[in-house]
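Okay, everyone, thanks for coming. Let me put the model up on the screen and then walk you through a few spots in it.

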Amino acid sequence: METQLLRGTAVRDAVLAELKAYKPGFTIAGNCGHNIGTDYVKRYEVDFHYSDNNFIPDPSRWWNASKAHRALGSALLLHPNVHMSKDVRRKLIALGYANGAHVITPWDEYIHGKARLFADPADFADLYGFARALGQQGYLNGYEDAAVGGYDLKETRYGNMPPIAVSGGSGKLSAFARAKPGQTGAPLVIHLAEWGKPAPAKVRLRSSGFFADSAITVSLQVPPEYEAGTHEKVEESKDYSPLSSETTLDTESEGDWLTVGVPALRPWGVLVVSRSTE
């Protein structure tokens, strides 16, 4: 009997065919550490892209990849497998949630050429706890990309009327606005991700793009500093509200713009824009 050796793409095709035949509808990820695009999703007809990425995607690269995946109905999960500083990894976690994606929690994580990473919860738990608080408030699920502005992002969907602008600060604050399609009364959320040295900045919102028929309220939610006792308590109670700190911000009208001052972010904050109750 002659044995045929399969190599390269033939192996992947054969394995995927077996998986799909064994359990139709089974969710399958395509893996590639060199990109976060949709090539593997399209080439192998898999459901989402799992990237054990050996590079650090900047805001625009991540935003464009997220748009491409949404167009295919796929998703994006990042697993950074190269050494990077705590601050850079925190920025990637913030960018993940800002784009409707996710960065794997750095616990018992493979790192290329180094010992597995068992990160100190004090370095990252505030961000993941913050995500839980946002999710419990309804500010994550169902929200889709609506507009972007600020560092490394170019909004082209609104002609010469971009809804968001960022000024001052480090010059590297990126803004990702997300809204619930078809729900015109739902609050808008604007994820702010600081890519530079944290510094206070100004976010400008075009009045005609945010509840133009009503006064608005703008609040800022940020993750409080990590306290192990607080995290233990909320894990028992399942009330994650203590893992987000909220402040109502003043707005200043300038023609067709509302300007909001935001404090230095380390590195993630979320503006919630809603119709005023007053």
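Start with Arg204, which sits over the face of Trp257, 4.5 Å from the ring centre. Keep in mind that this is a predicted model. There's another charge-over-ring contact, with Lys91 over the face of Trp195 at 5.9 Å from the ring centre. For a charge to count as over a ring, the Lys NZ or Arg CZ has to be within 6 Å of the ring centre, so the Lys91 contact makes it in at 5.9 Å.

Okay, rings with rings. How many aromatic pairs does a search of the whole structure find? It comes back with 4. One of them is Tyr97 with Trp268, and that pair is stacked, with 5.4 Å from centre to centre and 10 degrees between the planes. Tyr97 belongs to helix 4, residues 86–98, while Trp268 is in strand 16, residues 268–275, so this pair ties together parts that lie 171 residues apart in sequence. Both Tyr97 and Trp268 are buried.

Now compare the geometry of Trp107 and Phe118. Their ring centres are 5.2 Å apart and the planes meet at 85 degrees, so we call that pair edge-to-face.

The largest pocket has a volume of about 330 Å³. It's lined by 16 residues, and the closest to its centre are Thr105, Pro121, Ala125, Tyr128 and His231. Which helix gives the most to that lining? That's helix 5, with 6 residues. Helix 5 covers 121–136, and together with helix 6, at 228–237, it's on the list of helices that each supply at least two lining residues. By class, the lining of the largest pocket has 10 nonpolar, 3 polar and 3 charged residues.

The second largest pocket holds about 280 Å³ of space. That one is lined by 16 residues too, and the ones closest to the centre are Asn99, Gly100, Ala101, Tyr143 and Arg178. Here the largest share comes from helix 3, residues 59–72, with 3 residues. The lining of the second largest pocket splits into 6 nonpolar, 7 polar and 3 charged.

Arg266 and Pro267 are joined by a cis peptide bond, with omega at about -10 degrees. Pro267 is in the loop between strand 15, which is 257–262, and strand 16.

Glu45 has a phi of about 55 degrees, and you'll find it in the loop between helix 2 (39–44) and strand 2 (48–51). Glu45 is exposed, at 61% relative accessible area. Asp152 has a phi near 65 degrees and lies in the loop between strand 7 (144–150) and strand 8 (164–167). Its relative accessible area is 30%, so Asp152 is partly exposed.

That's my tour, so over to you for questions.

Methods: Residues numbered from 1 in each chain as written. Predicted model: local features only at pLDDT ≥ 70, side-chain atom pairs only at ≥ 80, totals over all residues. Heavy atoms only, no water. 1 Å grid on protein atoms, 1.4 Å probe; cavity = no way out; pocket = protein on both sides within 12 Å on 5 of 7 lines; lining within 4 Å. Points joined across faces, edges and corners; volume = space filled by probe spheres on them. Helix = DSSP H or I, 4+ residues; strand = E, 2+ residues; numbered from the N terminus. Nonpolar A, V, L, I, M, F, W, Y, C, P; charged D, E, K, R; others polar. Phe/Tyr/Trp six-rings, centres within 6.5 Å; stacked < 30°, edge-to-face > 60°. Buried < 20%, exposed > 50% of the residue type's maximum accessible area, 1.4 Å probe, protein only. Lys NZ or Arg CZ within 6 Å of the ring centre and 35° of its normal.
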